[in-house]
Amino acid sequence: MLGLKLPTDPRWVNIVEKNIEDILTDHAFCEQKATSTAISLIVSFPEYTELVQEMIALVKEEISHFKMVHDKIIERGWTLGRDRRDDYVIQLLKFFPKGGSRTTQLVHRLLYAALIEARSCERFRLLSEELKEKELADFYRNLMVSEANHYTMFLGFARKYGNKKEVDTKWQQLLDYEAKIMSQLGNKETIHG
C-alpha cells in the first residue's frame with residue numbers, strides 16, 4: 001500500500017525496546033515538525049484553498065499527536081528531551097534541486113511530506129506488531145491509521161497540483177532514492193533512523 005521499496009528490518013524494534021525514552025522523545029519532535037510543515041504550507045501557498053483547509057485540520061491533528069506522545073513521556077516520569085538531527089530527513093531533502101516554479105516547489109514539498117508520512121506509518125505498523133509492551137503497541141496501531149491517511153492526502157495533492165504523469169515519475173524516483181537512504185539507517189532509536 002505504501003509503495004516503500006525497502007521495508008524496515010524488524011530487528012529495529014529491538015533497538016527501540018531498549019530505548020523507549022529516546023524513541024518517544026524523537027517521536028514527539030516528529031509530530032511537532034509535522035505540525036510545522038502543515039503551517040509552513042499554509043504560509044507559503046495560501047492561494048490553494050483546499051490545501052489550506054486540509055493543513056488547518058492537519059495542524060490540529062498533529063499537535064494533538066504531539067500532546068499524546070508528550071503525555072506518554074510524562075506518564076513514565078520522564079521529561080521531553082532535546083531534539084536531535086534527523087539524518088533521514090536531511091538526506092531526503094537532497095533529492096530535489098532547489099528553486100523552480102512555485103508549483104514545482106509545492107509538488108516537491110508535498111512529495112517529501114508524503115514519503116515521510118509513509119515511512120512513519122510503516123514504522124508505526126512495525127511497532128504496533130512487534131513491541132512487547134501491549135499498551136505502547138496499541139498506541140502505535142492507532143497512530144498508524146492517521147499516518148496512512150496523511151500519506152495519501154499529500155500524494156493526492158501533489159498529483160492534483162502538478163502534472164500527474166510527472167508527479168508519478170518523481171514519486172517513483174524519490175521512493176528509489178529513499179530506499180538507498182534506508183539501507184544505511186535502521187540502527188538508531190529514532191522514528192526514521
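**Figure 1. Charges over rings.** The charged end of K72 sits over the ring of F139, 4.9 Å from the ring centre. K72 itself is one of the buried residues of helix 3. A second case involves R123 and W12: the charged end of R123 sits over the W12 ring, at 4.2 Å from its centre. Both views come from a predicted model.

**Figure 2. Confidence along the chain.** Mean pLDDT for the chain is 93, and 99% of the residues score at least 70. Among the elements, helix 3 (residues 49-75) has the highest mean, 97. Helix 4 has the lowest, at 90. Where pLDDT is low, predicted coordinates should not be read in detail.

**Figure 3. Aromatic pairs, with F95 and Y177 in close-up.** The model holds nine aromatic pairs. In one of them, the ring centres of F95 and Y177 are 5.0 Å apart and the planes meet at 50°, so this pair is tilted. Planes under 30 degrees apart would count as stacked, and planes over 60 as edge-to-face. F95 lies in the loop between helix 4 (87-92) and helix 5 (102-130), whereas Y177 belongs to helix 7 (residues 164-182). The pair therefore ties together parts that are 82 residues apart in sequence. F95 is partly exposed, at 22% relative accessibility. Y177 is also partly exposed, with a relative accessible area of 22%.

**Figure 4. An aromatic cluster.** Four residues form one aromatic cluster: F45, Y48, F157 and Y161.

**Figure 5. The largest nonpolar core.** This core has 59 residues. Those with the most contacts inside it are L51, L110, L111, L131, Y140, F154 and W171. Helix 6 gives the largest share, 14 residues. In soluble globular proteins, nonpolar side chains tend to be buried together.

**Figure 6. Surroundings of L131.** L131 is among the residues with the most contacts inside the largest core. Leaving aside neighbours within four places in sequence, L131 is in contact with V13, V16, E17, I20, L126, L136, A137 and Y140. Y140 is another of the core residues with the most contacts.

**Figure 7. Helix 3 and its packing.** The 27 residues of helix 3 should span 39 Å at 1.5 Å a residue; the end C-alpha atoms are 39 Å apart, which agrees. Buried positions are L51, V52, M55, L58, V59, E62, H65, F66, V69, K72 and I73. These buried residues pack against helix 2, helix 5 and helix 6. Just after helix 3, G77 takes a positive phi of about 85°.

**Figure 8. F124 in helix 5.** F124 lies in helix 5. The residue is buried, with a relative accessible area of 2%. Beyond neighbours within four places in sequence, F124 is in contact with H27, E31, Y140, L143, M144, E147 and I191.

**Figure 9. Q32 and H65.** Q32 lies in helix 2. At 32% relative accessibility, Q32 counts as partly exposed. H65, in helix 3, is buried. Q32 and H65 are 33 residues apart in sequence, and their C-alpha atoms are 8.6 Å apart in space.

Note on methods
Residues are numbered from 1 along each chain as its sequence is written. This is a predicted model: local features need pLDDT of at least 70, side-chain atom pairs count only at pLDDT 80 or more; totals for chains, interfaces and linings use all residues. Side-chain values use heavy atoms; hydrogens and water are left out. Rings of Phe, Tyr and Trp (its six-membered ring) pair if their centres lie within 6.5 Å; planes under 30 degrees apart count as stacked, over 60 as edge-to-face and the rest as tilted. Helices (H or I, at least four residues) and strands (E, at least two) are DSSP runs, numbered from the N terminus. Buried means under 20% relative accessible area, exposed over 50%, partly exposed in between (1.4 Å probe, protein chains only). A charge sits over a ring if NZ of Lys or CZ of Arg is within 6 Å of the ring centre and within 35 degrees of the ring normal. pLDDT is the predictor's confidence in each residue, from 0 to 100. A nonpolar core is a set of buried Ala, Val, Leu, Ile, Met, Phe, Trp, Tyr and Cys residues joined through side-chain atoms within 4.5 Å. Contact means heavy atoms within 4.5 Å. The expected span of a helix is 1.5 Å times one less than its number of residues.
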